Amino acid sequence: MNRKETLELLIEIEEAIEYFEHKINMSEWSNSFGYFPSIKEKNTHNIEIFHMCIGRLNERFTKQLNTLK
């Protein structure tokens, strides 16, 4: 993988992280109403999954960044 491809991959990873952060914000916003416990429980579960995805993407980002040096 050349330098340009690595930089493009880093941008894609960053965009994916931003996407999951947006999904977390939307789920937290939905939970603030709290009318339906089943929806709140599902959103809470989704938020945990999104955090795991962000963690994995951060690992990939760091790995790719280290190959760039």
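Asn-31 counts as buried, because its relative accessibility is 12% and the cut-off for a buried residue is under 20%. The model in which this value was computed is a predicted one. Asn-31 has its place in helix H1, and, once its neighbours within four places in sequence are left aside, Asn-31 is in contact with Ile-39, Lys-40, Asn-43, Thr-44 and Ile-47.

Another residue of helix H1 is Thr-6, which is buried with a relative accessible area of 4%. When residues up to four places away in sequence are not counted, Thr-6 touches Met-1, Gln-64, Thr-67 and Leu-68.

How do the two helices lie against each other? Two packed helices are described by the angle between their axes and by the distance between the axes. Here the axes of helix H1, residues 3-31, and helix H2, residues 37-68, come within 9 Å and cross at roughly 160 degrees. Angles over 145 degrees count as roughly antiparallel, and H1 and H2 are therefore roughly antiparallel to each other. The crossing in which H1 passes H2 is left-handed. Sorted by class, the contact of H1 with H2 has 17 nonpolar residues, 10 polar residues and seven charged residues.

Helix H2 can also be checked for its span. At 1.5 Å a residue, the 32 residues of H2 should span 46 Å, and this agrees with its end C-alpha atoms, which are 46 Å apart.

Which residues of H2 are buried? They are Asn-43, Ile-47, Phe-50, Ile-54, Leu-57, Gln-64 and Leu-68, and what covers them includes H1.

Met-52 and Ile-13 are 39 residues apart in sequence, and from C-alpha to C-alpha they are 14 Å apart in space.

| Residue | Relative accessibility | Class |
|---|---|---|
| Thr-6 | 4% | buried |
| Asn-31 | 12% | buried |

Conventions. Residues numbered from 1 in each chain as written. Predicted model: local features only at pLDDT ≥ 70, side-chain atom pairs only at ≥ 80, totals over all residues. Heavy atoms only, no water. Axes fitted to C-alpha atoms, helices over the stretch in contact; angles between N-to-C directions. Helix = DSSP H or I, 4+ residues; strand = E, 2+ residues; numbered from the N terminus. Parallel < 35°, antiparallel > 145°, perpendicular 65-115°, else oblique. Left-handed = near helix turned anticlockwise from the far one by under 90°. Nonpolar A, V, L, I, M, F, W, Y, C, P; charged D, E, K, R; others polar. Expected span 1.5 Å × (residues − 1). Buried < 20%, exposed > 50% of the residue type's maximum accessible area, 1.4 Å probe, protein only. Contact = heavy atoms within 4.5 Å.
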